[in-house]
Amino acid sequence: MSSMSTDSLESFSLILFGATGDLAKLKIFPAVYDLHERGQLPTGFALIGSGRTEYSQEQFREYVAQQIRQQVHSVQEENLEQLVARIH
């Protein structure tokens, strides 16, 4: 099984339905953070979330950051801030 290369991707948008649910906070957000930390997300990556709970963009970004801090053992705040800026 080969891993996906981001070399040819200029942009990529992940549209996440259920972005305020358990699967997102326990698995998807930490996995996206890990990919970002390893430099495996394209430069033009964006995460677009939709969920039952209504958030402003800033509230949603803070929600995601909080979930990542709770689920990932060693969060580098600079990397987290860079990732959060890509969330809509």
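A: Ile15, Phe17 and Ile48 make a nonpolar surface patch of about 330 Å². Such a patch consists of residues with over 30% relative accessible area and no salt bridge, nonpolar side chains (Val, Leu, Ile, Met, Phe, Trp, Tyr) being joined within 5 Å and like charges within 9 Å; areas come from the Shrake-Rupley method with a 1.4 Å probe, only the protein chains shown counting as cover for residues. The model is predicted, so local features need pLDDT of at least 70 and side-chain atom pairs count only at pLDDT 80 or more, whereas totals for chains, interfaces and linings use all residues. Residues are numbered from 1 along each chain as its sequence is written, and side-chain values use heavy atoms, without hydrogens or water.

Ile48 counts as partly exposed because its relative accessible area is 35%; buried means under 20%, exposed over 50%, and partly exposed in between (1.4 Å probe, protein chains only).

In soluble globular proteins, nonpolar side chains tend to be buried together.

Setting aside residues up to four places away in sequence, Leu47 touches Leu14, Phe29, Val32, Phe60, Arg86, Ile87 and His88 (contact means heavy atoms within 4.5 Å).

Tyr33 lies in helix H1 and is buried because its relative accessible area is 1%. Residues up to four places away apart, Tyr33 touches Ile68, Val72, Ser74, Val75, Gln76, Asn79, Leu80 and Leu83. Tyr33 and Leu83 are 50 residues apart in sequence, yet their C-alpha atoms are 7.0 Å apart in space. Gln67, in helix H2, is also buried, with a relative accessible area of 7%. Beyond its neighbours within four places in sequence, Gln67 is in contact with Lys25 and Phe29.

At 13% relative accessibility, His36 counts as buried. Its side chain reaches the backbone oxygen of Asn79 at 3.2 Å, and a polar contact of 3.4 Å joins the side chains of His36 and Arg86. A polar contact is a pair of N or O atoms within 3.5 Å; within protein, one must be able to donate a hydrogen and the other to accept it, and residues adjacent in sequence count only if both atoms are side-chain atoms. Not counting residues up to four places away in sequence, His36 touches Leu41, Asn79, Gln82, Leu83 and Arg86.

The charged pairs complete the description. The whole structure holds four salt bridges, each being a side-chain nitrogen of Lys or Arg within 4 Å of a carboxyl oxygen of Asp or Glu. One of them links Asp22 with Lys25, the closest N and O atoms being 3.7 Å apart. Both of these residues lie in helix H1 (residues 22–37), three residues apart, about one turn of the helix. Asp22 is exposed because its relative accessibility is 51%, while Lys25 is partly exposed at 25%.

Another salt bridge joins the side chains of Arg69 and Glu62 (3.5 Å, N to O). Arg69 is partly exposed, with a relative accessible area of 37%, and Glu62 is partly exposed at 42%. Glu77 also meets Arg69 in a salt bridge, at 3.1 Å from N to O; Glu77 is partly exposed at 36% relative accessibility. Through shared partners, these salt bridges join Glu62, Arg69 and Glu77 into one network.

Definitions and conventions. Helix = DSSP H or I, 4+ residues; strand = E, 2+ residues; numbered from the N terminus.
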